[in-house]
Structure formats: structure tokens, C-alpha cells
Amino acid sequence: ATLTTRARATVPGQLDRVSVSWEGVGAELLVIRPSPEAGTSQRLQAVNDELRARNVRVQELESVLDTATDGVIVLDDTGRILSLNKSAQALFGYDQSEVVGDAITVLLSPESHIVALDYIEGLRSPGVASLLNDGREVMGRVRQGGAIPLFMTMGHVNDAGATRKIFDPL
């Protein structure tokens with residue numbers, strides 16, 4: 001059945017008729033309640049609306065990152081590349097799909113590997129190294145074979161319990 005509320009909204013409803021005894025006389029009891037599916041579909045609609053809103057927000061943030069002039073690289077806690085924005089792809093000459101899953105050292109000259117890995121290790125602990133985040137000078141390695149001087153800063157981004165690091169080669 002379709003029920004109409006005082007606010008003139010329609011809600012799927014369920015009607016149950018039960019025979020009962022009322023003061024010793026047989027009677028019919030009519031129970032009217034919203035269908036269990038109604039609450040489910042309304043919750044599902046609310047979840048879908050929230051998902052759409054979050055997807056719009058993610059697309060907005062990705063657009064901001066892609067239009068930024070700074071290269072931004074997202075790393076996991078071990079220093080493996082999760083993503084690059086468009087500026088980082090242009091800076092290093094790699095498409096994101098070519099380096100995702102690789103260690104950050106693939107984008108750095110050999111003399112900068114220890115500096116970057118020590119920096120990542122320092123950010124893992126909650127001590128002074130993670131608080132005094134003043135960046136590091138490193139040499140980047142571009143796909144075409146050249147080296148470029150970079151100033152690298154990193155910071156934490158928490159994602160559902162997993163720690164991510166943002167590598168910003170300025």
C-alpha cells in the first residue's frame with residue numbers, strides 16, 4: 001500500500017489485518033506501518049547521495065592537484081608510489097601508470113636515495129623528526145636521463161587507518 005503523510009509525502013506501507021478479541025467480542029485489528037523496504041530504500045538513497053557528493057569532492061580535489069604547479073606524489077608508508085599529479089608526471093617524464101608501485105627512488109638520482117629513505121623513516125616515528133619537517137634537497141632523475149635539483153617536503157595523510165605520505169618536489 002502507499003501511505004500519505006501529513007506533509008503529503010508518499011511512503012510505501014504495509015497493512016496487516018489480524019482478528020482479535022475486544023472486550024469479549026471479535027474484532028479486526030488493522031496494523032499500518034512503513035514497509036521494511038521503505039527504510040532500506042531511503043537509507044540506500046541517502047548513501048548513494050553521499051557517495052555522489054564525495055565523488056564530486058574527490059574530482060574537485062584531483063582537479064586542484066592537477067592544476068597545481070608543484071609536483072605532488074602520494075607514497076605509502078614504505079615509500080612506494082601510489083599516485084602522481086599531472087605536474088609531477090610532466091616534471092619526471094613518466095605517466096603515473098608507469099611508476100605506481102615502484103619505490104620513490106625510481107624518481108631520484110642514486111646519491112639521493114639514502115636522503116629520501118631516511119626522510120621517510122624519520123616520518124614513521126612520532127618523534128622530533130616528524131615534527132621538524134623542513135624538507136630535503138635531493139636530485140631528481142627524469143625519464144630522459146637527466147638530473148634535476150629538487151627541494152622535497154613530505155607530510156602524512158591518513159586514509160582509513162593506512163598512512164600515506166605526500167612527496168612535494170618543489
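Biologist: In what order do the elements of the protein chain run from the N terminus on?

Modeller: This is a predicted model. From the N terminus, the order is β-β-β-α-β-β-α-α-α-α-β-β-β.

Biologist: What share of the residues in the protein chain is buried?

Modeller: A residue counts as buried when its relative accessible area is under 20%. Of the 170 residues in the protein chain, 25% are buried. The accessible surface comes to about 11,100 Å², and carbon and sulfur atoms contribute 56% of this area.

Biologist: What share of the contacts comes from residues 24 or more positions apart?

Modeller: Among contacts with a separation of 6 or more, such residues account for 36%.

Biologist: Let us turn to salt bridges. How many are there in the count?

Modeller: A salt bridge requires a side-chain nitrogen of Lys or Arg within 4 Å of a carboxyl oxygen of Asp or Glu. The count comes to 6 salt bridges. One of them joins the side chains of Glu-28 and Arg-17, at 3.2 Å from N to O. This pair links distant parts of the chain, with Glu-28 in strand S3 (residues 25–34) and Arg-17 in strand S2, 11 residues apart. Arg-17 is exposed, as its relative accessible area is 68%.

Biologist: Which salt-bridge partner does Arg-54 have, and in which helix do the two residues lie?

Modeller: The partner of Arg-54 is Glu-50, at 2.7 Å from N to O. Both residues lie in helix H1 (residues 36–67), 4 residues apart, or about one turn of the helix. Arg-54 is exposed at 54% relative accessible area, whereas Glu-50 is partly exposed at 41%.

Biologist: Why are Arg-57 and Glu-60 separated by about one helical turn?

Modeller: The reason is their spacing: because they are 3 residues apart in helix H1, about one helical turn lies between them. Arg-57 is partly exposed, with 48% relative accessible area, and Glu-60 is partly exposed, with 41%.

Biologist: With which side chain does that of Asp-76 make a polar contact?

Modeller: The side chain of Asp-76 makes a polar contact with the side chain of Thr-78, at 2.7 Å. The Asp-76 side chain also reaches the backbone nitrogen of Gly-79, at 3.0 Å.

Biologist: Why does Ser-112 count as buried?

Modeller: Ser-112 counts as buried because its relative accessible area is 4%, and the cut-off is under 20%. Ser-112 is placed in the loop between helix H3 (96–99) and helix H4 (113–124). Neighbours within four places in sequence aside, Ser-112 is in contact with Val-138 and Met-139.

Biologist: Lastly, which residues form a nonpolar patch on the surface?

Modeller: Leu-15, Leu-30 and Ile-32 form such a patch, with about 290 Å² of accessible area together. Leu-15 lies in strand S2 (residues 10–22) and is partly exposed, at 43% relative accessible area.

Conventions. Residues numbered from 1 in each chain as written. Predicted model: local features only at pLDDT ≥ 70, side-chain atom pairs only at ≥ 80, totals over all residues. Heavy atoms only, no water. Patch = residues over 30% accessible without salt bridge, like charges linked within 9 Å, V, L, I, M, F, W, Y side chains within 5 Å. Areas by Shrake-Rupley, 256 points an atom, 1.4 Å probe, with all protein chains shown as cover. Buried < 20%, exposed > 50% of the residue type's maximum accessible area, 1.4 Å probe, protein only. Polar contact = N/O pair within 3.5 Å; in protein donor to acceptor, adjacent residues only side chain to side chain. Contact = heavy atoms within 4.5 Å.
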